[in-house]
Amino acid sequence: MEQLIKKINGMIRLRAYKKQRESLHFFTVEEAQLEMILSHLKNYEGFTHLAFLQAVDFIEDGKFQLTYMLYNYETKMNIGVLTLIDREEAETASIHKLWAHAWQYQREIHEMYGIDFPGSPRVKESFVLEGWEEMPPMRRDFDTKEYSERTFYQRPGRSTNDPAEYMKEKLYRNYPQSPAIRRDDE
Amino acid sequence: MSNLSKNKYKGYDADRSKYPETRNGEPVIDLDSHKFTKMWQGPQHPGVTGNMSVEIIVNGDEIVHAQTHVGYLHRGFEKLMERRKYIQCFPLVCRICVPEPDTNEYLVSAAMEELADITVPEKALWLRTLNLEMSRIASYLMWIGGQAGSLGMGTIGQWTVGMRDFWLDLFEEMTGGRVYHMYMVPGGVRKDLPDGFIRKARDLIVRTRKLLRDVENSFLSNAVVKSRLQGLGVITPDMVDEYGIVGPNARSCGKEYDIRLNNPYLKYDELDVKMITSTVGDAFSRAQLRYDDIHQSLDLVSEILKRIPVEGKIQAEMPNLLNWKIPAGQTYVKAESTRGEHGFYMVSDGTDKPRRVFARGASYTHAISVLEKLAQNISLSDLAALMVSLHTCPPEIER
């Protein structure tokens with residue numbers, strides 16, 4: 001594995017490398033070199049199985065991280081190829097020509113994060129959220145509570161209680177010195 | 001016209017002029033020509049555990065185009081987990097796949113333990129392995145019922161689902177829950193085996209083997225089953241990498257990929273797990289392979305019951321779980337479920353909530369890309385059998 005990392009570092013300059021455990025390694029590449037590296041790993045290094053492709057939102061850096069998890073059946077190694085793309089103009093190259101099922105992940109990421117993969121088949125089709133008009137929901141700035149309060153309403157005639165208040169009121173009213181409400185961590 | 005339909009529907013060889021022409025491997029379909037019917041299979045159908053629909057276009061009774069639609073079961077677990085503390089994520093994940101929840105439990109705990117650098121005690125590892133193998137048996141028993149039901153043999157389904165209930169009884173004794181067990185908590189397991197468990201489990205193994213003999217005689221040796229499943233939905237070795245096929249679906253066409261052997265986890269490196277493969281790749285070979293796999297799981301359960309340590313800790317020393325902060329990092333852990341590679345990708349950012357958790361279910365590609373490809377040019381009546389033979393579990397597609 002060290003040899004492979006050296007070889008790839010000779011081809012391009014890796015931005016970061018981490019050995020998570022013996023059979024799992026992560027490295028970060030520039031977005032422009034991503035397709036070339038994936039194609040090299042698939043065609044020449046035996047990493048033929050694409051386990052998944054997913055995105056992570058690092059909103060504080062203004063970046064999305066894309067993770068391409070590859071597997072080599074011979075060496076029994078997993079490699080996570082990471083790349084950081086700009087959050088504002090989220091768009092990157094499609095890999096549906098390398099793996100025939102990659103379009104599915106790209107469609108999901110487009111729906112959940114709003115990252116575009118130009119040329120990917122059916123990428124604009126809805127995956128699980130039919131008729132969704134809000135911002136892509138897996139982005140970290142999507143406020144789920146605000147959305148649900150705006151969209152749904154309480155069933156009429158129903159009241160809710162704050163569980164902590166309710167317990168204090170109902171159960172511990174007669175026992176103000178009870179250890180249950182005088183715990184150190186409160 | 002594919003080779004499959006040539007073999008399977010010999011009569012169609014004579015005249016294909018009424019079928020659509022294909023360009024670049026895709027049929028040219030003009031719905032206004034009144035030659036085709038568009039219809040839905042699902043979202044409710046026998047055998048597939050969960051809701052998923054296939055939009056199909058048929059020409060006569062032959063499917064010329066299929067497209068999978070999911071979204072009936074989206075519960076947003078991945079988003080929910082971003083807003084919850086680590087320990088609060090744990091009861092969510094078992095809901096990702098109903099017939100086999102334990103793989104999810106194990107994987108999310110394993111990912112947290114790896115990121116937080118926690119070592120699980122020896123006995124807990126054995127108990128986890130036992131739990132995973134038992135859940136494989138329960139899931140496969142349900143699958144036999146689905147595959148038989150899709151061919152109109154509901155009785156076999158009733159036998160096996162009835163037997164699965166006895167396995168759920170064992171789960172109830174072991175974990176307290178029948179369907180969702182929430183047993184493999186981060187750091188170890190929740191409980192030790194109850195008194196008399198080993199004897200009951202051994203009895204049940206004997207009874208299950210007896211039932212499986214009946215299943216073999218009435219299902220796998222049945223001429224009707226053979227004639228319908230042989231040649232249906234052939235997966236070729238080239239398709240395995242192209243479509244990310246894993247598990248029994250990949251092993252049925254000769255790909256040696258079983259995570260219990262390739263990347264052993266828990267105690268599988270000390271157990272005698274065999275790589276079961278076949279070379280045919282059709283629905284019948286997948287059925288046989290899964291049948292052999294249940295026997296292997298039964299063997300493994302007996303072996304684990306012999307070797308499980310009597311004494312020992314079952315839970316590691318854990319920090320305060322209500323305020324558990326995991327150092328920043330990321331990992332991908334995987335395990336072999338009955339459908340194949342099941343994995344969890346977890347990214348932590350040093351706070352008490354995960355930054356991202358992604359559950360990679362094997363059905364993700366099997367139910368969409370692979371099903372859409374294999375459903376072309378098969379008979380409408382074979383679609384249910386094909387869906388079950390890929391062993392899809394829709395909840396793990398949309399999480």
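Trainee: In which sense, left-handed or right-handed, does H7(B) pass H12(B)?

Mentor: This is a predicted model, in which local features need pLDDT of at least 70, side-chain atom pairs count only at pLDDT 80 or more, and totals for chains, interfaces and linings use all residues. Residues are numbered from 1 along each chain as its sequence is written, while chains are lettered from A and ligands numbered from 1 in the order in which they are written. H7(B) passes H12(B) in a left-handed crossing. A crossing is left-handed if the near helix is turned anticlockwise from the far one by less than a right angle, and right-handed if clockwise. Helices (H or I, at least four residues) and strands (E, at least two) are DSSP runs, numbered from the N terminus.

Trainee: How is such a pair described, and what are the values for helix H7 and helix H12 of chain B?

Mentor: Two packed helices are described by the angle between their axes and the distance between the axes. Here the axes of helix H7 (residues 197-220) and helix H12 (residues 283-307) of chain B come within 10 Å and cross at roughly 165°. That makes H7(B) roughly antiparallel to H12(B). Angles under 35 degrees count as roughly parallel, over 145 as roughly antiparallel, 65 to 115 as roughly perpendicular and the rest as oblique. Axes are lines fitted to C-alpha atoms, for helices over the stretch in contact, and angles run from 0 to 180 degrees between N-to-C directions.

Trainee: Which classes of residue make up the contact of H7(B) with H12(B)?

Mentor: This contact has 11 nonpolar, three polar and three charged residues. Ala, Val, Leu, Ile, Met, Phe, Trp, Tyr, Cys and Pro count as nonpolar, Asp, Glu, Lys and Arg as charged, and the others, Gly among them, as polar. Among those in H7(B) are B:Ile205 and B:Leu212, and those in H12(B) include B:Tyr291 and B:Leu298.

Trainee: At what angle do helix H3 and helix H4 of chain B cross?

Mentor: The axes of H3 (residues 86-93) and H4 (residues 102-116) of chain B cross at roughly 160° and come within 9 Å. H3(B) is therefore roughly antiparallel to H4(B). Their crossing is right-handed.

Trainee: Let us turn to strands. What is the order of the strands in the open sheet of chain A?

Mentor: In a regular strand the side chains alternate between the two faces of the sheet. The open sheet of chain A has five strands in the order S1-S2-S5-S4-S3, with mixed pairing. Strand S1 (16-21) and S3 of chain A stand at the edges, each with a single partner strand, so one side of each has no neighbour in the sheet.

Trainee: In which sense, parallel or antiparallel, do S2(A) and S5(A) pair?

Mentor: S2(A) and S5(A) pair in the parallel sense, over six bridges; two strands pair if DSSP finds at least two bridges between them. S1(A) and S2(A), by contrast, pair in the antiparallel sense over five bridges. S4(A) and S5(A) also run antiparallel, joined by 10 bridges. These two strands form a hairpin with four residues between them, and A:Lys76 in the turn has a positive phi of about 60°.

Trainee: How many residues of chain A are in contact with chain B?

Mentor: 28 residues of chain A are in contact with 27 residues of chain B, contact meaning that C-beta atoms, placed from the backbone, lie within 7 Å. S3(A) gives the most to this side of chain A, with six residues.

Note on methods
Two residues are in contact if their C-beta atoms, placed from the backbone, lie within 7 Å.
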